[in-house]
Each structure stands twice: as structure tokens, then as C-alpha cells.
Amino acid sequence: MSAPEPVRHARRLSKERLRTLVRELVFDGGSLPAWHERAACAGMDETLFFPLGEGGPAGVERIAQAKAVCAGCPVRSACLADAMTRESPSARYGVFGGLTATERGRLYVQLRDHARHLDALTAAEAEPDSSGAVA
Ligand code: SF4
């Protein structure tokens, strides 16, 4: 068994360049939400959060590093909520809010199922019982 590959040191992006890329690629050229200014990942190596094509130990290590940054990020909940509003198969890339694309996909299914359950409960409560009274 060979030793794991060392984590590749990719170029760093300036904070402004990163914001421009996120605005163009993630928000379709629209304005960034205000919380973005306080993101812990601002100015960091973007390949840490978008480890495209990196499987194996190196990819796993990069994802772990990205998640460690997210864990201490003051805007993690806003970031994750935002990522979830954009959740779709075509948007499943990168680490946002401390979750990988696969993890966000699973969370989306859980949230959807929970919402359906709540809707069914609400509908059942609104139905008149056999006496005709509404609960
Ligand atoms: S939660 Fe992670 S991806 Fe989101 S802004 Fe913070 S550091 Fe960046």
C-alpha cells in the first residue's frame, strides 16, 4: 500500500476574485448576500471547497479541511440555508455550509419529507371529524 498523496497546494485567490467568481457562478451574476462579507472562506484557496476530480485520500483530505473551516465560520447557517435554496442536481458541487454536495442532497430529501409530513398533519387537523366539527 502506498502512502497517501500530499495535499496539493493550489493558487490562492484574492478575496475580490473569489467574490467575483462566486457571484458569477453561484449567484448568476446577481449581488452577493450581506453575510458573504463575513465568510471564513473568503480569500482562501477555492479548490479546497471545490475539489473537482479529486477522489481518493487527497480529495477526502481537502473536504475535511474545508469542513474544518466551515465549522468555525460565523455565517455557516446562512451559507447552508442559501445553498439549500439552490439545491438541485446541477448545483451539487463543492462544500457549502460544512456539507458536501452529497450530504446536501441527503439533507434536502430529509427536509422535503419532513415538510410533506407536516403538510399532511396540518391537512388532517383541518379535516372535519365524523361529527362535522373542525379540529
Ligand atoms: S460555511 Fe463554509 S463555505 Fe460557507 S461561508 Fe462559511 S466557510 Fe465558506
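Mentor: Helices here are DSSP runs of H or I, at least four residues long, while strands are E runs of at least two, and both are numbered from the N terminus. Keep in mind that this is a predicted model, where local features need pLDDT of at least 70 and side-chain atom pairs count only at pLDDT 80 or more, though totals for chains, interfaces and linings use all residues. Numbering starts from 1 along each chain as its sequence is written, and side-chain values use heavy atoms, with hydrogens and water left out.

Thr 100 counts as buried because its relative accessibility is 15%; buried means under 20% relative accessible area, exposed means over 50%, and partly exposed is in between, with a 1.4 Å probe and protein chains only. Skipping neighbours within four places in sequence, Thr 100 has contacts with Ile 63, Lys 67, Gly 94 and Val 95, a contact being heavy atoms within 4.5 Å.

Val 95 is one of the residues around it, along with Ala 39, Ala 40, Cys 41, Val 69, Cys 70, Cys 73, Arg 76, Cys 79 and Gly 97; the criterion is a heavy atom within 4 Å. Helix H2 (56-71) and H3 each give that shell at least two residues. By class, the shell has 8 nonpolar, 1 polar and 1 charged residues, where Ala, Val, Leu, Ile, Met, Phe, Trp, Tyr, Cys and Pro count as nonpolar, Asp, Glu, Lys and Arg as charged, and the others, Gly among them, as polar.

The structure holds 0 disulfides, a disulfide being a pair of cysteine sulfur atoms within 2.5 Å. As for their burial, Cys 73 counts as buried because its relative accessibility is 16%, whereas Cys 41 is partly exposed, with 26%.

Ala 39 and Cys 73 are 34 residues apart in sequence, but their C-alpha atoms are 6.4 Å apart in space. Leaving out residues up to four places away in sequence, Ala 39 touches Cys 73 and Val 75.

That trio also belongs to the largest nonpolar core, whose 7 residues are Trp 35, Ala 39, Cys 73, Val 75, Cys 79, Ala 83 and Phe 96. A nonpolar core is a set of buried Ala, Val, Leu, Ile, Met, Phe, Trp, Tyr and Cys residues joined through side-chain atoms within 4.5 Å. Val 95 is in another core, apart from that one, with 6 residues that also include Leu 48, Phe 49 and Val 69.

Back to H3: its buried residues are Cys 79, Leu 80, Asp 82, Ala 83 and Met 84, and H4 is part of what covers them.

How far to trust all this? The mean pLDDT of the protein is 79, with 73% of residues at 70 or more; pLDDT is the predictor's confidence in each residue, from 0 to 100. Confidence is highest in H2, at a mean of 90, and lowest in H1 (residues 15-25), at 68. Over residues 6-10 the pLDDT is below 50, and that stretch has 7 contacts in the model beyond near neighbours in sequence.
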